[in-house]
Amino acid sequence: MMKQIVFATNNKHKLEEVKSIFRDSLNILSLNDINCHEDIPETGMTIEENALLKARYIKEKYGYDCFADDTGLEVKSLNNEPGVYSARYAGEEHDSEKNMQKVLKNLKDKSDRSACFRTCIALIIEEKEYLFEGKIQGNIIPQKKGESGFGYDPIFMPEGYTKTFAELGNDIKNQISHRALAIKKLINFLQPTQ
């Protein structure tokens, strides 16, 4: 029987992305699948802490083996902002458009536009905790380009590419992204023989 595990997220985009990276190697349940409809608090000061908070919440309250992620966009000349506040950089409403505009506005007079996306995945399985990190370097371009992806994808151009995540499309993004790199580490850990 295929192993099942909960991915502690309410973000439909993330869920689709992760399911497509895992393909059929694992039965991934969403929070909806386990009837978890509450907002899990993300009060950590780092993305690692937030990922662990979410995973521990599901394990303690629902008993499932699970994993949770947190991701931050770190812009070098903005002292690594928005970082842990990436989803709510421009306010608590988690508005991607406003978040992007705030980054672009804050970078207006900066010559260094280098940035990285960092994902941390916290896994709790058989009462043990593990952390996996994925990171991709790139630059913030001056204006949005592309229609696919979500979050900061239209303004982030990964190193070695001439298109943003939003222009590259999900197939390429799901092979090279910070989340894909962290998920691959998770897959290798869960299925070391493959």
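Start by selecting Lys98, which is partly exposed at 44% relative accessibility (buried is under 20% relative accessible area, exposed over 50%, partly exposed in between, with a 1.4 Å probe and protein chains only). This is a predicted model, where local features need pLDDT of at least 70, side-chain atom pairs count only at pLDDT 80 or more, and totals for chains, interfaces and linings use all residues. Residues are numbered from 1 along each chain as its sequence is written, and side-chain values use heavy atoms, with hydrogens and water left out.

Next, pick Glu97 and Lys144, whose side chains meet in a salt bridge at 2.6 Å, N to O. Glu97 sits in helix H3 and Lys144 in the loop between E6 and strand E7 (156-158), 47 residues apart (helices, H or I with at least four residues, and strands, E with at least two, are DSSP runs numbered from the N terminus).

Then jump to Glu129 and Arg56, paired at 2.7 Å. Glu129 is in strand E6 and Arg56 in helix H2, so this bridge ties together parts 73 residues apart in sequence.

For a network of salt bridges, select Lys14, Glu17, Asp69, Asp153, Lys173 and Arg179. The whole structure holds 16 salt bridges.

How values were computed
A salt bridge is a side-chain nitrogen of Lys or Arg within 4 Å of a carboxyl oxygen of Asp or Glu.
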